[in-house]
Amino acid sequence: MPTLLIVHHTPSPHCQAMFEAVLEGAADPEIEGVRVVRRAALSATAADVLDADGYLLGTPANLGYMSGALKHFFDQVYYPCLDSTRGRPFGYYVHGGNDVTGAMRALETVTTGLGWRRAAEPVTVTGEPGRGAVEQCRELGATVAAGLME
């Protein structure tokens with residue numbers, strides 16, 4: 001059974017709302033035969049990444065960059081997963097107070113280095129996530145999960 005790994009850092013209510021919407025979309029009952037595994041960025045391991053067939057990443061934008069927790073995740077898994085995960089699909093969402101550009105650039109750089117393939121447009125939100133942003137997060141989760149269906 002294909003596995004979708006959601007790696008997230010959710011330190012705020014806004015990030016939590018986005019994470020829950022992504023999870024809800026990934027676990028949609030119409031998406032059959034895909035196992036969804038969620039891990040906090042500080043507890044996700046290279047084994048989690050190697051065992052998964054696709055990825056969803058969530059982070060706040062902190063000081064113009066992805067969170068330190070997600071950066072730590074990538075530092076731990078980059079070389080152990082570099083050759084084995086090339087071509088795997090991924091998506092991501094970012095929340096920021098006023099700008100997410102640096103965090104997006106960092107995520108694109110690391111995932112390009114890993115050779116992952118973006119399966120959906122990222123969802124980015126500044127300020128409070130409104131109804132539209134929450135729906136975009138649901139769609140993101142559903143799109144990446146549905147792409148793994150056999």
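Reader: Before we start, what are the ground rules for numbering and confidence?

Author: Residues count from 1 along each chain as its sequence is written, and side-chain values use heavy atoms, without hydrogens and water. It's a predicted model, where local features need pLDDT of at least 70 and side-chain atom pairs count only at pLDDT 80 or more, while totals for chains, interfaces and linings use all residues.

Reader: OK, how many helices and strands in the protein?

Author: Five helices and seven strands, as DSSP runs numbered from the N terminus (helices H or I, at least four residues; strands E, at least two). The order is β-α-β-α-β-β-α-β-α-β-β-α.

Reader: And how much of the protein is buried?

Author: Buried residues are 49% of the 150, with buried meaning under 20% relative accessible area, exposed over 50% and partly exposed in between (1.4 Å probe, protein chains only).

Reader: Which residues make the contact between helix 3 and helix 4?

Author: Leu70, Phe74 and Tyr78 from helix 3, against Leu107, Val110, Thr111, Gly113 and Leu114 from helix 4; contact means heavy atoms within 4.5 Å.
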